[in-house]
Amino acid sequence: MAVDDEAVVGDGREAQIRLAGVGKTYRSESGPVRAVSDVSFDAARGEFVSVVGPSGCGKSTVFRIIAGLETATEGTVEVDGEPVTGPGPDRGMVFQDDALFPWRTVAGNVRYGLEEVGAPEGFSVSERVDYCLDLVGLSEAAQQYPRELSGGMRQRVGIARALAVDPPILLMDEPFASVDARTKSTLHRELLDIWAETGKTVLFVTHDIDEAVYLSDRVVVFSEGPGTVLDAISPPVDRPRDRTSEAFTEAKAEVLSYFDH
Ligand code: ADP
Ligand code: MG
């Protein structure tokens, strides 16, 4: 299937994240593993972009390369026009498994990132923690420990922690994959509210097509591994989106058409 260049490069807004020809081969003991090939797409400032594709197609690899946790074998990744050389406070990360510190309270986990770089201008550290907990609806749980929380609450803490240093970019790797369906749809609405309120650029990785179509301005469709970009689809613009609408179902079907064989 031909790649639609127009759709892949976005709508002409300033690109904040730009991948060009990114490839990755892991060197493992059993030999080289080709994870992704020639991945090119971008995300404009303030855009919500999802990457969808089947398990093993290299989504997390691309996520880690953008995060600066892994280096690409080929190609370039730029954030605000600068090549990515490692993790930085401009990119907040949220993972599938919340990776919270069990010995820290909810507030202590959110405070963690601030201890190194300090609170954003205009906030004290404790004000910033309070603000972020309020943003994710966890003010009441500030003094609880991760083990006392539901999976959905733990993911909210992960989001608050990522937002604490006020990064312009939020990178999320299947953040809601292990929460139940009902909690997931609540988290979807909350994430969109946070996105609207904060104006972050969000790059959201998922294998869940419904989730990608519900959340995103653009859905970048990856092939099976080694992943490459097959297409970029723009779901209906209205928000909140009606999952039962014809336009929504059509957008989902369009993504699915790449895997239905
Ligand atoms: P996804 O997130 O889409 O499920 P991944 O990026 O995790 O895909 O993995 C893509 C491919 O790269 C898979 O074949 C996986 O086994 C392989 N892979 C991922 N990480 C490593 C690694 N550290 N060493 C070797 N192979 C890896
Ligand atoms: Mg993954």
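Where is aspartate 80 found?

Reply: Aspartate 80 is found in the loop between strand 4 (74-79) and strand 5 (82-83). Before going on, the ground rules: this is a predicted model, where local features need pLDDT of at least 70, side-chain atom pairs count only at pLDDT 80 or more, and totals for chains, interfaces and linings use all residues. Residues are numbered from 1 along each chain as its sequence is written, chains are lettered from A and ligands numbered from 1 in the order in which they are written, and side-chain values use heavy atoms, with hydrogens and water left out. Helices (H or I, at least four residues) and strands (E, at least two) are DSSP runs, numbered from the N terminus.

Back to your residue. Aspartate 80 isn't a glycine, yet has a positive phi of about 50 degrees. With a relative accessible area of 36%, aspartate 80 is partly exposed; on this scale buried means under 20%, exposed means over 50%, and partly exposed is in between (1.4 Å probe, protein chains only).

Aspartate 166 also has a positive phi, near 60 degrees, and is likewise a residue other than glycine. Aspartate 166 sits in the loop between helix 5 and strand 7 (169-173), and counts as partly exposed at 38% relative accessibility.

Glutamate 140 belongs to the loop between helix 4 and helix 5 and is exposed, at 80% relative accessible area.

Now to the helices on either side of that loop. Contact here means heavy atoms within 4.5 Å. Setting aside neighbours within four places in sequence, arginine 128 is in contact with Leu114, Ala119, Pro120, Phe123, Leu163, Ala164 and Asp166. That list brings back aspartate 166, one of the contacts of arginine 128.

Helix 5 (residues 151-163) holds alanine 160, which is buried with a relative accessible area of 0%. Beyond its neighbours within four places in sequence, alanine 160 is in contact with Val110, Cys132, Leu133 and Val136. Of those, cysteine 132 is itself buried, at 0% relative accessible area. Alanine 119, one of the contacts of arginine 128, has its C-alpha 13 Å from that of alanine 160, 41 residues away along the chain.

Cysteine 57 counts as buried too, at 0% relative accessibility. If a disulfide is taken as a pair of cysteine sulfur atoms within 2.5 Å, the count comes to 0.

Then there's helix 2 (residues 59-67): 7 of its 9 residues are buried, so this helix is largely enclosed by the rest of the structure. Among the buried ones are Lys59, Phe63 and Ile66. Just after helix 2, glycine 68 takes a positive phi of about 85 degrees.

The peptide bond from glycine 225 to proline 226 is cis, with omega near -10 degrees, and proline 226 lies in the loop between strand 9 (218-222) and strand 10 (229-233). The bond from arginine 239 to proline 240 is cis as well, with omega near -5 degrees; proline 240 is in the loop between strand 10 and helix 8 (246-256).

Zooming out, the protein chain has 8 helices and 10 strands. Its radius of gyration is 18 Å, close to the 18 Å that the globule rule gives for 261 residues, so the chain is as compact as a globular protein of that length. That radius is taken over C-alpha atoms, and the rule is 2.2 Å times the number of residues to the power 0.38. The C-alpha trace spans about 50 × 45 × 40 Å along its principal axes. Of the 261 residues, 48% count as buried. Among contacts between residues at least 6 apart in sequence, 70% join residues at least 24 apart.
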